[in-house]
Amino acid sequence: MEGLERILRQQRFFAEFPAEQSALIAGCARNHRFAAGQYLFHEGETANEFFLIRHGHVALEIAVPARAPFMFSTLGEGEIVGAAWLIPPYRWTIDARAVETTLALGISATCLREKCEADHHLGYEMMKRFLPVLVNQIHAAQLQILDVYGKH
Amino acid sequence: MASIETAAASPPDPFIPQIYRVDSVRRELGDTVTLELMPLAGKRPEFQPGQFNMLYLPGVGEVAISISGSKVESTGFVHTIRAAGAVSAALTRLEAGAKIGLRGPFGTGWPVAAAEGSDVVIVAGGLGMAPLRPAVYDILANRGRYGRVAVLSGSRSPNDILYRPELEQWRRRLDLDITVTVDNADVDWRGNVGVVPTLVPRAVLNPQNAMAMLCGPEVMMRFTANALRDAGIPANRIYLSMERNMKCAIGLCGHCQFGPEFICKDGPVMPYDRIAPILTIREI
């Protein structure tokens, strides 16, 4: 547990959590190693774990019938994969695939949601960190929709 | 009456095109070519990275195109041109040996000398690498004078990456950080997917001593400038290359007016702090 807590605190996303809250989060964490091509999760599955990338790259995709999957974002070291665990009905709406061998911390969503309900300070700290991730993803998606490099 | 000597020493009339020959044509992308142009008479004028020329095809028209080649590796002008309108499309159809008119160079250049001693972040979107490439050449020619140099390049898809072989060559250098991203890709692409501004936080390590140079679609530059500001780079150390419909190229006709500025003579390279208030005015 001490090892996971130390790894957690080395990550920018969790770096400024108070020690007691880091310990609470670390209690929900475990290490993962994904081989290149392996999926972290698929669309439609229950969002019972989200990930913080320690090393490697993860592609976010949407499967399109009769076509190759549409890849709309890649995430790298220090970035969070997945926000659907925050919002009922806690179901992934995209696929996440390791582009290369990827090491990640997985945080159990069920475990963390329970701790956030029990400790609203922890919940608030989590929301303060997740909201910028979500807003930045929305801004990036808006810019992507503009297709700025196309002929207009 | 001016003597022959004084007439020869006078700069050419900026309204009169000089004749250049297309020395070579290189197809970069489906709709984009690079032309190397040699003067029929005399020497190519000196230029600064970031400046542009007016290229003229008799009977078709004239268009402003950034210089995209090296000052030292070519004795002519190198221009990368995308077929966008009637003139640029006609330019992309030229073959070696064709002759065209050229006025220039015009406008302001990248602050390559002012960036000495600093980290440099170069951000290109789409065809934006064309005006930035001469700045990269200058920096690489004097690499020891700069701190960390990062080049971020964004394209629509892997098939639209301009100068891909050169980017791959630069990536092999140990003194240059090259990051390429595309807006979308299929699963065969092993690189980054996402818009250019998302690359900025990873590229800026020492913001107070960094200078940024941006070129691409204006929306992309606006968002990227915001990301660079968020990363801590002062607004007066962020430079953008602006684009407007240029005609005379010397600040007389007003076609390229941008608020109180004329892009052709006050730009195209302009500091962000000077133009930021104008960038978000819809009517401009």
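Reader: Hi! Which residue in β8(A) stands opposite A:Glu49?
Author: A:Ser108 of β8(A) is the residue opposite A:Glu49. Before we go on, this is a predicted model: local features need pLDDT of at least 70, side-chain atom pairs count only at pLDDT 80 or more, and totals for chains, interfaces and linings use all residues. Residues are numbered from 1 along each chain as its sequence is written, while chains are lettered from A and ligands numbered from 1 in the order in which they are written.

Reader: Thanks! How many bridges do β3(A) and β8(A) pair over?
Author: They pair over 6 bridges, in the antiparallel sense. Two strands count as paired if DSSP finds at least two bridges between them. The strands themselves are DSSP runs of E with at least two residues, helices are runs of H or I with at least four, and both are numbered from the N terminus.

Reader: And what joins β3(A) to β6(A)?
Author: 2 bridges do, and these strands run antiparallel. A:Phe51 has A:Val81 in β6(A) as its bridge partner.

Reader: In what order do the strands of the sheet come?
Author: The order is β1-β8-β3-β6 in chain A, an open sheet of 4 strands with antiparallel pairing. β1 (29-34) and β6 (80-81) of chain A are at the edges with a single partner strand each, so one side of each has no neighbour in the sheet.

Reader: What joins β1(A) to β8 of chain A?
Author: There are 6 bridges between β1(A) and β8 (residues 102-108), and the two run antiparallel.

Reader: New topic! How many helices and strands are there in chain B?
Author: Chain B has 8 helices and 15 strands. Its C-alpha atoms fill a box of roughly 60 × 40 × 40 Å along the principal axes, and 46% of its 284 residues are buried.

Reader: What radius of gyration does chain B have?
Author: 19 Å, which agrees with the value near 19 Å for a compact globule of 284 residues. The radius is taken over C-alpha atoms, and the globule rule is 2.2 Å times the number of residues to the power 0.38.

Reader: Into which domains is chain B divided?
Author: Domain 1 covers 13-106 and domain 2 covers 119-279; such bounds come from an automatic or database domain assignment. Their centres, taken over C-alpha atoms, are 22 Å apart. The contact takes 20 residues from domain 1 and 18 residues from domain 2 of chain B, where two residues are in contact if their C-beta atoms, placed from the backbone, lie within 7 Å.

Reader: Which strand gives the largest share of domain 1's side?
Author: β6(B) does, with 3 residues.

Reader: How far apart are the end C-alpha atoms of α6(B)?
Author: They are 18 Å apart, which agrees with the 18 Å that its 13 residues should span at 1.5 Å a residue. The expected span is 1.5 Å times one less than the number of residues. Among the buried residues of α6(B) are B:Met220, B:Phe223 and B:Leu228. After the helix comes B:Gly232, with a positive phi near 110°.

Conventions:
Buried ≥ 20, exposed ≤ 12 C-beta atoms within 10 Å, placed from the backbone.
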